[in-house]
Each structure stands twice: as structure tokens, then as C-alpha cells.
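Here is the note on the structure that you will want beside you as you turn the model around. Please read the points with the coordinates open.

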Amino acid sequence: MIWPFKPKFRKQIARIEITGAIGSATRKRVLEALKTVEEKKFPALLLRIDSPGGTVGDSQEIYSALKRLREKVKIIASFGNISASGGVYIGMGAQHIMANPGTITGSIGVILRGNNLERLLEKIGVSFKVIKSGPYKDILAFDRELTEPEQHILQELIDTSYQQFVQTVAEGRNLAVEAVKSFADGRIFTGQQALELGIVDRLGTEEDARRWAAELVGLDPEKTQVFTLEERKPLLSRLLPGTRQVSSGLASGIDWLEFEMSTSGLPLWLYRP
């Protein structure tokens, strides 16, 4: 006997939102949410991306999880205000992508930054004594300039990461690698331009993306509800919602500072305006 009623979640669209810089915390939250989408057997996933990108490894792990999930679930990515660099990479894990005409996207490339405080340290009379096992163990040390061999090593690292990015975009959007390289030089572009380049499939709002997702899995776009999978809020924020609003600006600033400090010297798929 075939049960005539679909389970609750099979009549809804799952929604996951990725905002801010992509790091380990984002990866853990999103991977847990994707596991829930699979377990609850949602027919479709609306992936809302509003991010300038982030760390390479975390972006790759989210992308890989999306790629596995799309074998069972229709995934529509909706690019918000900004979906650049690592945000684009994650979007490649969806079968279809929609962006607003004015969405800031692109910035396909890799960046690595270090700080050189050598002259400042000299002025205040501070120096460091370094004992190392090899000539490159203190590469990107902040108290000296890079040597030419170090620059070569880091450039090779960046080039390899860049090739991985380009290859993923080419495969995800069914484009030739050379075609992707023609605009994958770090530039940013609008959603309208992204449509012309083949990075996105359609222009529209998140609501348009929701309706599209419903249509793809045979659900009524007028009636189909969205179930948002989000991180559980701290008890104080749930009891006193106003406290979260007051501290949100300060918290976001602290989060960004922590991200900057924790990723210093790492290759990033990140748009830095």
C-alpha cells in the first residue's frame, strides 16, 4: 500500500543562509544543516549567499558537501547583496543560480597577505632571534621582507589555488577554462554582467528563487513554505531579542577582526574592497 500523504518536510523547501566571511564556524554550521536537509528528505534547498568569501579549505568543504547533496536534492543558490570569491565557489555546488541585477559578484581569484613591521620594530628597538629547521619555516614573518625564493614559493601556492577555483567554475557552469580565465582576474561585476558571462542562470530576488525551486520539484509555488535551518541562538538572545540587536554591530566587527587575525598569512578566496 502506498501512503497517500507526503511527510511534512517533503512538502517544504529547506533554506540555508550563508552570510559574512566564510571560516570554520560557517563551515561547521552549514555542514550540519546540509546533513539535516538530507535526513529530513527535503526535495529542494534554497541556498542564500551574502558573503565576500573566505578561507579556501572551508569553502571547498561546503562546496563538496553541496555537490554530494545535489544528487538527491535540487539546489538553487540565490546571490544577495554580495556573493564574491568564496561565495561564488560555494554557489558552484548548486544546480541553478539566481542573482539580483545589482548583486556584487565575481572576484574570482586568490589573495594572501602578510604584514611587514620591520621598520617600526627598528624604531622602537625590537628584534627577534629565530632558530628554524629550514630556510622557509618562518616564511611571511612580520619582522622582515620576503626573499625572492619565498615569493616564488608563495606565488606557486596561489597559482595552484587559483587553478582549482577556475576549474571548479568551468565545471560548475559548463564553460571552457579559457573562457573563465578571461574574467577570473579578481574583477567584480554585477549580477547582470554575471548572467551575460554565464556565472548565473537568471536574474531575480530570493522570492523568485524560492518559486523556481518549488516548480523544479513539482510543488505549488504559491503554497510551498520555506523551512530555514539556522544556528540555535543563545538563551539570552531568545529571551531578550532586543539585546541581540543592540550588540549585533559590535559583534560583527569583533567577528571580522577575529577572522582577519586568524587568517593572516593564509590564501583566501575573499573579496577585499
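1. Overall make-up. The model is a predicted one, and its secondary structure consists of 10 helices and 10 strands. The protein has 273 residues, of which 40% count as buried. It exposes about 15,600 Å², and carbon and sulfur atoms supply 54% of that area. Among the contacts with a separation of 6 or more, 71% are between residues 24 or more positions apart.

2. Helix 1. This helix covers residues 24–40, and its 17 residues reach 24 Å from the first C-alpha to the last, which is close to the 24 Å expected at 1.5 Å a residue. Its buried residues are Thr26, Arg27, Arg29, Val30, Ala33, Leu34 and Val37, and the elements that cover them include strand 1 (12–19), strand 2 and helix 2. As background to reading such a list, an α-helix has 3.6 residues a turn, so residues three or four places apart point the same way. After the helix comes Lys41, whose phi is positive, near 60 degrees.

3. When its neighbours within four places in sequence are left aside, Thr26 is in contact with Ile18, Ala21 and Ile62.

4. Salt bridges, and the one at Arg48. The structure holds 12 salt bridges, and in one of them Arg48 pairs with Glu206, with the closest N and O atoms 3.5 Å apart. This pair links distant parts of the chain, since Arg48 is in strand 2 (residues 44–51) and Glu206 is in helix 8 (residues 206–216), 158 residues apart. Arg48 counts as buried because its relative accessibility is 14%.

5. Arg211 and Glu222. The side chains of Arg211 and Glu222 meet in a salt bridge, at 2.7 Å from N to O. Here, too, the pair links distant parts of the chain, with Arg211 in helix 8 and Glu222 in the loop between helix 8 and strand 9 (225–228), 11 residues apart. Arg211 is partly exposed, at 25% relative accessibility, whereas Glu222 is exposed, at 59%. Elsewhere, salt bridges that share partners join Arg15, Glu17, Arg48 and Glu206 into one network.

6. Lys132 and Asp138. Another salt bridge is formed by the side chains of Lys132 and Asp138, at 2.8 Å from N to O. Are these two residues buried or exposed? Lys132 is partly exposed, with a relative accessible area of 38%, while Asp138 is buried, with a relative accessible area of 16%.

7. A nonpolar patch. Which residues form a nonpolar patch on the surface? They are Leu117, Leu120, Ile124, Val126, Phe128, Val130 and Phe142, and together they have about 610 Å² of accessible area. Leu120 is located in helix 4 (residues 118–124), and this residue is partly exposed, with a relative accessible area of 48%.

8. Thr263. This residue is in the loop between helix 10 (241–262) and strand 10 (268–270). Although Thr263 belongs to a loop, Thr263 counts as buried, at 5% relative accessibility. Leaving aside its neighbours within four places in sequence, Thr263 is in contact with Thr55 and Leu268. The C-alpha atoms of Thr263 and Leu112 are separated by 9.1 Å, and the two residues are 151 residues apart along the chain.

How values were computed:
Residues are numbered from 1 along each chain as its sequence is written. This is a predicted model: local features need pLDDT of at least 70, side-chain atom pairs count only at pLDDT 80 or more; totals for chains, interfaces and linings use all residues. Side-chain values use heavy atoms; hydrogens and water are left out. Helices (H or I, at least four residues) and strands (E, at least two) are DSSP runs, numbered from the N terminus. Buried means under 20% relative accessible area, exposed over 50%, partly exposed in between (1.4 Å probe, protein chains only). Contact means heavy atoms within 4.5 Å. Accessible areas come from the Shrake-Rupley method with a 1.4 Å probe; for residues, only the protein chains shown count as cover. A salt bridge is a side-chain nitrogen of Lys or Arg within 4 Å of a carboxyl oxygen of Asp or Glu. Patches are made of residues with over 30% relative accessible area and no salt bridge: like charges are joined within 9 Å, nonpolar side chains (Val, Leu, Ile, Met, Phe, Trp, Tyr) within 5 Å. The expected span of a helix is 1.5 Å times one less than its number of residues.
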